[in-house]
Amino acid sequence: MESSTFHSFNLLKFINPIKSANYNTRRLLKVCSEASKPNIIADTSQAQKTYSIQFKTLEGCKLGIWRYPIFEYNAKGGSGNGIGRETNGGIDADFDVKNLYIPSLNGQTTRFLGLPLPPFLKIDIVPEILQGNIDKGTGKVDLRFKSRFWFSVGSIYKAPPLLVETVLTSEESTGTIRSGVGERMNTGGKCKLVGVAVVDPIDDAFMNTFLRLPTECIAYLNAVISISQANC
């Protein structure tokens, strides 16, 4: 009996979990290790596929709030990276908002009624969430987007941030006073995403009056989404 116990102990000590490779990106390591974690016998045919996703914003975008005319917005140069997991309904994507950059609205990127914004006026966009589902087969995209918009006039005035939360979709987005239709990804990953959001009042009487808060805003965002399988 003692001999049998001794050999069983050594056998259990000998069997160790399979360790995943060391990747440069911690988020990718976590996703890959969870997706490829073996049971008693590893079955690679059942392993969940993981993807690296790149998101780039383009020119020709539009923004609107309340019933004001649309702002023409050039978002070229915006970019971010994310990780995706394959599901029955496409790919669940989660972008790293710490490294997600969306250009500010200013005199160089934005025009209103055909004229550039005054050089001292700026609206910074600080993303907090960008995640959702991407279907490579149909080109359908639905991404939950949450961001804070910081309005400032030089060093003279800076308003509290406007919180905007919506679903950027390649389909239709409809509100009470604003609505729009997006375009699905083509074979090159190019798409038009649209989202309507309610903007609540902030602790600033001037902004609340000027923007007619609470009200709706709308965004049309041209983008390219590139998807490649991660090397797990």
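A disulfide is a pair of cysteine sulfur atoms within 2.5 Å. By this rule the count here is zero disulfides. This is a predicted model, in which local features need pLDDT of at least 70 and side-chain atom pairs count only at pLDDT 80 or more, while totals for chains, interfaces and linings use all residues. Residues are numbered from 1 along each chain as its sequence is written, and side-chain values use heavy atoms, leaving out hydrogens and water.

Select Cys61. This cysteine is buried (under 20% relative accessible area, with exposed meaning over 50% and partly exposed in between; 1.4 Å probe, protein chains only), at a relative accessible area of 0%. Go on to Cys191, which is also buried, at 4%.

Next, colour strand β15, residues 215-229. Strands are DSSP runs of E, at least two residues long, numbered from the N terminus; two of them pair if DSSP finds at least two bridges between them.

- β1 (residues 50-57) is antiparallel to β15, with seven bridges; Tyr51 has Gln229 as its bridge partner.
- β2 (residues 61-65) is antiparallel to β15, with four bridges; Gly64 is partnered by Ile218.
- β14 (residues 190-199) is antiparallel to β15, with ten bridges; Leu193 stands opposite Leu221.

Centre on Ile53: beyond four places in sequence, its contacts (heavy atoms within 4.5 Å) include Ile83, Phe95, Ile134 and Ile225.
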